[in-house]
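Have a look at the structure first, then read on.

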Amino acid sequence: MMARIIIFILFIVVGLAKADAGYKSNYSDWRQTSPDVRGQYAMGLLDGQLLPSGGDNSAIARSVGLNECAFALELTGPIIAEAITKHYEDHTDMWGLPPIVVFQKVIVLGSCLSHINTERAKYGLEPWK
């Protein structure tokens, strides 16, 4: 009986943690999330971008370049979350946008752009600017 109670409590705790990691629609949502969950959420953003969204060369180059960048820069959830938070703090005009948009700007089109463009060149594609 005691084991069932402990399992039930664990399900509640895990459920609450997962609820906290739900979709974040703006800076206010992001700010209200604990740093640990922000790191997990940020890693989920990266993981979600590592699979090509289509079979075309542009999507493959983007995915491979982002993966190469993540390894080269040793990106972790907390590092990405810190970059997102810093960008929100420095760009109040982005407060109404979801963290995925900030992630795209800071990581994909910022820190990782050179890696992505290196992969794009391998496919004969023009670099992103």
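Let's start with Tyr 41: its relative accessible area is 13%, so Tyr 41 counts as buried, the cut-off being under 20%. Keep in mind that this is a predicted model.

Tyr 41 has a ring partner, Trp 30: the centres are 6.0 Å apart and the planes sit at 70 degrees, so this pair is edge-to-face. Trp 30 belongs to helix α2 and Tyr 41 to helix α3 (residues 35-49), so to speak two distant parts of the chain, eleven residues apart, linked by the pair. Trp 30 is buried too, at 0% relative accessibility.

In total there are three aromatic pairs. Another of them joins Tyr 27 and Trp 95, and this one is tilted. Here are the two pairs side by side:

| Pair | Centre to centre | Angle between planes |
|---|---|---|
| Tyr 27 and Trp 95 | 5.0 Å | 40 degrees |
| Trp 30 and Tyr 41 | 6.0 Å | 70 degrees |

Tyr 27 sits in helix α2 (residues 27-31) and Trp 95 in the loop between α5 (77-90) and α6, so their pair ties together parts 68 residues apart in sequence. Tyr 27 is buried at 7% relative accessibility, while Trp 95, at 38%, is partly exposed. Together with Tyr 88, these two make up one aromatic cluster. Tyr 27 also has a charge over its ring: the charged end of Arg 31 lies 5.1 Å from the ring centre.

Now for the helices. α4 (residues 57-72) and α6 (residues 99-111) pack at about 95 degrees, their axes 10 Å apart, and are therefore roughly perpendicular. On the α4 side, Arg 62, Leu 66 and Cys 69 meet Gln 104, Ile 107, Val 108 and Ser 111 of α6. That contact has four nonpolar, two polar and one charged residues.

Key. Residues are numbered from 1 along each chain as its sequence is written. This is a predicted model: local features need pLDDT of at least 70, side-chain atom pairs count only at pLDDT 80 or more; totals for chains, interfaces and linings use all residues. Side-chain values use heavy atoms; hydrogens and water are left out. Axes are lines fitted to C-alpha atoms, for helices over the stretch in contact, and angles run from 0 to 180 degrees between N-to-C directions. Helices (H or I, at least four residues) and strands (E, at least two) are DSSP runs, numbered from the N terminus. Angles under 35 degrees count as roughly parallel, over 145 as roughly antiparallel, 65 to 115 as roughly perpendicular and the rest as oblique. Contact means heavy atoms within 4.5 Å. Ala, Val, Leu, Ile, Met, Phe, Trp, Tyr, Cys and Pro count as nonpolar, Asp, Glu, Lys and Arg as charged, and the others, Gly among them, as polar. Rings of Phe, Tyr and Trp (its six-membered ring) pair if their centres lie within 6.5 Å; planes under 30 degrees apart count as stacked, over 60 as edge-to-face and the rest as tilted. Buried means under 20% relative accessible area, exposed over 50%, partly exposed in between (1.4 Å probe, protein chains only). A charge sits over a ring if NZ of Lys or CZ of Arg is within 6 Å of the ring centre and within 35 degrees of the ring normal.
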